[in-house]
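Here is a short report on one protein chain. It moves from strands to loops, then to rings and core.

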Amino acid sequence: MHQLDQILSEVAGYHPAADINMVRKAYQFAAAAHDGQTRKSGDPYVSHPLAVAQIIAELKLDVASVCAGLLHDCVEDTTATIEQLSEMFGKEVAYLVDGVTKLGKLPYSTREEQQAENFRKMLLAMARDIRVILVKLCDRLDNMRSLHHLPPEKQERIAAETMQIYAPLANRLGIQWVKVELEDLAFKYTYPGEYEQLAAEIAKTRAERLEYIHHVEKLIHKEMTENGVPCEVMGRAKHLWSIYQKMKRTQRPFDEIHDAIGFRVITDSQMHCYQGLGVAHSTWTPIPGRFKDYIALPKPNLYQSLHTAVIGPKGERIEIQLRTNEMNLVAEHGIAAHWKYKEGKPLAPDDDKKFAWLRQLMESQKELHDPTEFLESVKIDLFGDEVYVFTPGGDVKALPKGSCPIDFAYAVHSSIGDHCSGARVNGMIVPLRYQLRNGDTVEIITNPNQKPNKDWLKLVKTARARTKVRYLLRTEQRDKAVALGTDLIDKALRKHDTTLARAEKQLANAAKELKCQTVDELIVQVGYGKITTQQVIEHAVPGLAKKGEEAAPKAESMLKTLLRKVTRRTSSSGIKVAGEQDILVRFAKCCSPLPGDPIVGFITRGRGVTVHRRDCDKGLDLDPERRIDVEWDGLSKAQHEVSIQVLCADKPGLLAHISQSFTDQGVNISQAHCRATDDGRAVNTFHALVKDLDQLKQVIRSLSRIKGVFSVDRVSADIQS
């Protein structure tokens, strides 16, 4: 009960009028519901909801959110129902719990599809009430804190999901401390070797670093106060994942990362922020190109601060952030700092802008019915740095770094994006592949005859643009499939003295027999090559009914018959297509799938089935109507080529160590491309033959442990060194 008392005390501290008895009642309900259940650690299960409620209280959320934290697993893991919660705790608490509850009872073909659909449900609930995702983030944070109790394969999967979705989401919501802790915990399990090595390096210099931070804090405070800037100064080392990312980005070891320390200057007014910036720049030499003004141009998650980097005491590079107390609250707690429900009031109209990005996100996903594609497009929206560009009228648009004029056009309006034929940036015509920079003024040139093409998918960075382009391309492909299917069926029917128009009822019957919802869908499936005209005729023409009964195969073997017409052979690919093993399969070179990778297949007329990894961008660009279920059969002994890029120091003997590491893992290098860079680094791309994903992971772990190796990554076959 000690932890419950802490929660009650915390809630009463920031919300004196809170209904503390409601929180106590929620705890008692959760304790009874989870009675007898334990966590992997052996602790009573109720310790998890208590820990989640504690984190929610640290975010200073309202009583309904704290109760939802205590009750969030009751519906999923006990006999409790949403109706029960609604009756006992009110509709508000029940809605929050329902939004967080997974869709565990619905059937999905893959774990990825289930994860994506769960996330879609959470986002829809979040669009109506942001507290849903705040509770989910607190739930994920506590799960990550206790991840060491789970088996390694689960640790890796949950950590990867956290890094890909939940940490970026915490960042998008502006909750900095949650984002930082999630990233470091995910780093620990995603790259355990690199994490341990970096943590050890940092531990060596900890005492020296703390002494330096303490010295510089005093120095900054002295300079600021002497120049009339009242402030509080806090120094801290950057978190581990941030340092590791910088090491990878700059291809430098830890001892060459010089700006791993940052200082925060918190003052009382915006004017003093700018005055403090002047003090910092006049005291120490500023580093060109490192100044950013997020006060005048806040980030979409409402973050405001001035950022600069200077050559500080002892010649060390240091980062300085200057902000007001209110800005600091928003920087740490993000959207939670704005949540008016803590005082029991609904959101004010001027809070709309805080949720505008979320509404736009949901708006842009309306055309996406495939869960995996939905999740991929959400990740695009959550990740990455931004550039700030201007419309000719002076409005600011925040876009992901690397965006092109097409992204800007779709950000302005869908129809402008659809007909974008060119762009002027700062008054000059630029190609559509031009990467926008901070401060650019962009004007889009449109042409009513212009329409998106496949090449645009290689250029665009925003989920909105990618979704719109894919949708239009697929609509075009579907129209072609309708035309082709109509033509093929009509020709086949004419051979039996009938036509499409006269055989409408028979075709409806054929559609039903062939598991199509409508005749239109039947025509599309014929156009895509999923169903043959012979199968349609066997079910549609009465004179052939008897023959159809003898010859009509099951759904799975229909596909087999179709594909064998042009692709019959004995397959050694190790892939089952809709349960069949002897169908021609090609592995996509863009993603080089390995046994163990989640995969998806696409029918290609006359060329069998092409297999992509589920997360392959090029696979996601293909029409979902041509998608077919494929799986590894586990029988093939074939080896598969994969590309591995190793960034390391350019020093004698290191390449031999790397080569030996492949040999030790029983892996053969089929091709290697190695080159030295001007800064004493080497970039090595190895094409190796491996049995499966597990063997690839062993190789990557082994290579990562070699002294002098900075990073090891699986790369696409089309990425050149």
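## Strands, loops and rings

Strand 14 (residues 599–604) and strand 15 (residues 608–613) run antiparallel and are joined by six bridges. The model is predicted.

Four strands make up an open sheet of mixed pairing, in the order 13-15-14-16. Strand 13 (585–587) and strand 16 (627–628) are the edge strands, and each pairs on one side only. In a regular strand the side chains alternate between the two faces of the sheet.

The loop between strand 13 and strand 14 holds Asp-597. Is Asp-597 buried or exposed? Its relative accessible area is 7%, and the cut-off for buried is under 20%, so Asp-597 counts as buried. The side chain of Asp-597 has a polar partner: a contact of 2.8 Å joins it to the side chain of Arg-714. Beyond its neighbours within four places in sequence, Asp-597 is in contact with Ser-592, Arg-613, Trp-632, Leu-693 and Arg-714.

**Strand 5 and its partners**

Strand 5 (residues 306–311) is mostly covered, with five of its six residues buried. Which strands are joined to strand 5 by bridges? The table gives strand 3, strand 4 and strand 6.

| Strand joined to strand 5 | Bridges | Direction |
|---|---|---|
| Strand 3 (residues 285–286) | Two bridges | Antiparallel |
| Strand 4 (residues 292–293) | Two bridges | Antiparallel |
| Strand 6 (residues 317–324) | Six bridges | Antiparallel |

Pro-286 has Val-310 in strand 5 as its bridge partner. Lys-292 has His-307 in strand 5 as its partner. Thr-308 is bridged to Ile-320 in strand 6. Strand 5 and strand 6 form a hairpin with five residues between the strands. Within that hairpin, Lys-314 takes a positive phi near 65°.

**A loop between helices**

Leu-150 sits in the loop between helix 9 (131–145) and helix 10 (152–172). Its relative accessible area is 19%; Leu-150 is therefore buried, since the cut-off is under 20%. Leu-150 and Lys-40 are 110 residues apart along the chain, yet their C-alpha atoms are separated by 6.8 Å. Setting aside residues up to four places away in sequence, Leu-150 touches Lys-40, Gln-155 and Ile-158.

**Rings**

The count of aromatic pairs comes to eleven. One of them joins Phe-187 and Tyr-195, with 5.4 Å centre to centre and 80° between the planes. Why is this pair edge-to-face? The angle between the planes is 80°, and over 60 degrees counts as edge-to-face, so the pair falls in that class. Phe-187 is buried, at a relative accessible area of 0%. Tyr-195 is buried as well, at 19%.

Trp-241 and Tyr-244 form another aromatic pair, at 5.6 Å centre to centre with 35° between the planes. This pair is tilted. Why are Trp-241 and Tyr-244 separated by about one helical turn? Because they are three residues apart in helix 14 (residues 240–250). Both Trp-241 and Tyr-244 are buried.

The two pairs meet in one group. Ring pairs link Phe-187, Tyr-191, Tyr-195, Trp-241 and Tyr-244 into a cluster.

Elsewhere, a charge faces a ring. Lys-25 lies over the face of Phe-89, at 5.4 Å from the ring centre.

**Core and whole chain**

The largest nonpolar core has 76 residues. Which of them touch the most other members? They are Val-23, Leu-71, Met-144 and Leu-198. Not counting residues up to four places away in sequence, Leu-198 touches Phe-187, Leu-240, Ile-243, Tyr-244, Met-247 and Phe-254. Of these, Phe-187 and Tyr-244 are members of the cluster.

How many helices and strands are there in the chain? There are 30 helices and 21 strands. The chain has 721 residues, and 50% of them count as buried. Among contacts between residues at least 6 apart in sequence, 66% join residues at least 24 apart.

How values were computed
Residues are numbered from 1 along each chain as its sequence is written. This is a predicted model: local features need pLDDT of at least 70, side-chain atom pairs count only at pLDDT 80 or more; totals for chains, interfaces and linings use all residues. Side-chain values use heavy atoms; hydrogens and water are left out. Rings of Phe, Tyr and Trp (its six-membered ring) pair if their centres lie within 6.5 Å; planes under 30 degrees apart count as stacked, over 60 as edge-to-face and the rest as tilted. Buried means under 20% relative accessible area, exposed over 50%, partly exposed in between (1.4 Å probe, protein chains only). A charge sits over a ring if NZ of Lys or CZ of Arg is within 6 Å of the ring centre and within 35 degrees of the ring normal. Two strands pair if DSSP finds at least two bridges between them. A nonpolar core is a set of buried Ala, Val, Leu, Ile, Met, Phe, Trp, Tyr and Cys residues joined through side-chain atoms within 4.5 Å. Contact means heavy atoms within 4.5 Å. A polar contact is a pair of N or O atoms within 3.5 Å; within protein, one must be able to donate a hydrogen and the other to accept it, and residues adjacent in sequence count only if both atoms are side-chain atoms.
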